[in-house]
Amino acid sequence: MSVVVDGLEGLRVPEELSARVPAEQRGPGRGRDDVRLLVSRGEAVSHHAFRELPALLRAGDVLVVNTSPTLAAAVDGRLGPEPGGEPVVVHFSTRGDDGRWAVELRSPEPSGSTRPRAGGPAGAVVRLPGGGRLALAGPLTPGSGRLWWARAYGDVPGLLGRYGRPIRYGYTERDQPLSAYQTVFARPSPDGGGSAEMPSAGRPFTAGLVAELAARGVWIAPLSLHTGVASAEAHEPPYPERFEVPAATAALVNAARATGGRVIAVGTTVVRALESAAVAGPVGAGASARAGRGWTDLVVTPARGVRVVDGLLTGLHEPEASHLLMLEAVAGRAALRSAYAAAVRDRYLWHEFGDVHLLLPEEKGHRVRCGSNSG
């Protein structure tokens, strides 16, 4: 799927706008919430510190958050027979219902990051630390060799716990502990599952900020969607992912919509989960959230639209990223063009440790107070 958003085709994000370390490591006394917040209401853009978020929301609004924990999903291995073999880094993406794992094999870089490599070959065995083995079966999707199904011999959650590290891409400066990739909302999964990559829109939240939101009458509603390995270079659409929307969350979303509250998804993963469980029907009036669990292959596009989500808090995505189709579905093309031009002009930071973007419904005659440009 190619991303076509008019006005973004020529947008280039300078390399220096990549957030290379977490916000709390950028200076003394800084915390996770020391990031900037770009707010869009239609084509109008305002600039804030993330700590101003409670003042930008209203009593009765619902923030829906992803509680999936981040896994230490990257493990070193050797492809081929002993001794020797090709060094690879295995990114464990998603556990299938049959016990197999979708994995991505990448080549290690001296810097500690990785680079893409061709998948496979089928039948090859990857030797893992502690005596584990991974037998490659075939591509997850015919015609795409990035992710492969593989049979793991050994305890994968235990392997990740002992030998794994968080997935890291080349724009980051150095390895970070797993704690740097956990959000305040993360909760252990009973089956040891989780996300291969952090549900990063929730990262700037702190316990103190959540308490302030609650004091202002903003509801926090949980769901889970275990994210797979993103295509950092190819910008493919997301693969099927496992999700669960609890009945209490669906009820809270519907109650908010019935009483004039806004449903704000914290992250594209939340949009995917909520919209996957929404009652089928016309976009807009009449649609409602419902409980649901299982696998979703939904790709939210402007043509499909959104049914139960009113706004979205998310990171800044590359101009070619498939997630931009979802943002356009939520806010519209004009809003997206205006916001991304402002983000580059005002030097916002990209990627999982970067700044965040709040897309709210346009309100006629509503004036947004412009806050600090720093975070």
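Predicted model: local features only at pLDDT ≥ 70, side-chain atom pairs only at ≥ 80, totals over all residues.

Student: Where is R347 in the chain?
Tutor: R347 sits in the loop between α7 and β16.

Student: What is the phi of R347?
Tutor: Phi of R347 is near 60 degrees, which is a positive value in a residue that is not glycine.
Tutor: H351 also has a positive phi, about 80 degrees, and H351 is not a glycine either.

Student: And where does H351 sit?
Tutor: H351 is in the loop between α7 and β16.

Student: Is H351 buried or exposed?
Tutor: H351 counts as buried, because its relative accessible area is 17% and the cut-off for buried is under 20%.

Student: OK, new topic. What order do the strands of the sheet come in?
Tutor: The order is β2-β1-β16-β15-β13-β3-β11-β12-β14. That makes nine strands in an open sheet, and the pairing is mixed.

Student: Which strands are at the edges?
Tutor: β2 and β14 are the edge strands, each pairing on one side only.

Student: How much twist is there from one strand to the next?
Tutor: The twist averages 20 degrees per step from strand to strand.

Student: What packs on the sheet?
Tutor: Helix α7, residues 333-345, packs on the sheet. Helix α7 touches β1, β2, β15 and β16, and its direction makes about 155 degrees with that of β1.

Student: What holds strands together in general?
Tutor: Strands of a sheet pair through backbone hydrogen bonds, and the pairing is either parallel or antiparallel.

Student: How many residues lie between β1 and β2?
Tutor: Two residues lie between them, and β1 and β2 form a hairpin. G42 is in the turn, with a positive phi of about 65 degrees.

Student: What about the segment before β1?
Tutor: D33 is in that segment. D33 is buried, because its relative accessible area is 10%.

Student: What does D33 touch?
Tutor: Leaving out residues up to four places away in sequence, D33 touches F50, R51, P204 and T206.

Student: Now the other part of the sheet. How does β3 pair with β11?
Tutor: β3, residues 62-66, pairs with β11 in the parallel sense over five bridges. L63 has I220 in β11 as its bridge partner.

Student: And β11 with β12?
Tutor: β11 and β12 run antiparallel, and three bridges join them. H226 stands opposite R242 in β12.

Student: Change of topic: pockets. How much space lies in the second largest pocket?
Tutor: About 350 Å³ of space lies in the second largest pocket.

Student: Which residues lie nearest its centre?
Tutor: S189, S224, H226, E244 and R293 lie nearest the centre of the second largest pocket, out of 18 residues that line the pocket.

Student: Which elements give two or more residues to that lining?
Tutor: They are β11, β12 and β14. The largest share of the lining comes from β11, with four residues.

Student: What about the classes of residue in the lining?
Tutor: The lining of the second largest pocket has seven nonpolar, six polar and five charged residues.

Student: Last one, T183. Buried or exposed?
Tutor: T183 is buried, at 8% relative accessibility. T183 is found in the loop between α2 and α3.

Student: And what does T183 touch?
Tutor: Leaving out residues up to four places away in sequence, T183 touches R32, N66, M198, P199, G202 and R203.

Key
Residues numbered from 1 in each chain as written. Heavy atoms only, no water. 1 Å grid on protein atoms, 1.4 Å probe; cavity = no way out; pocket = protein on both sides within 12 Å on 5 of 7 lines; lining within 4 Å. Points joined across faces, edges and corners; volume = space filled by probe spheres on them. Nonpolar A, V, L, I, M, F, W, Y, C, P; charged D, E, K, R; others polar. Pairing = 2+ DSSP bridges. Buried < 20%, exposed > 50% of the residue type's maximum accessible area, 1.4 Å probe, protein only. Contact = heavy atoms within 4.5 Å. Axes fitted to C-alpha atoms, helices over the stretch in contact; angles between N-to-C directions.
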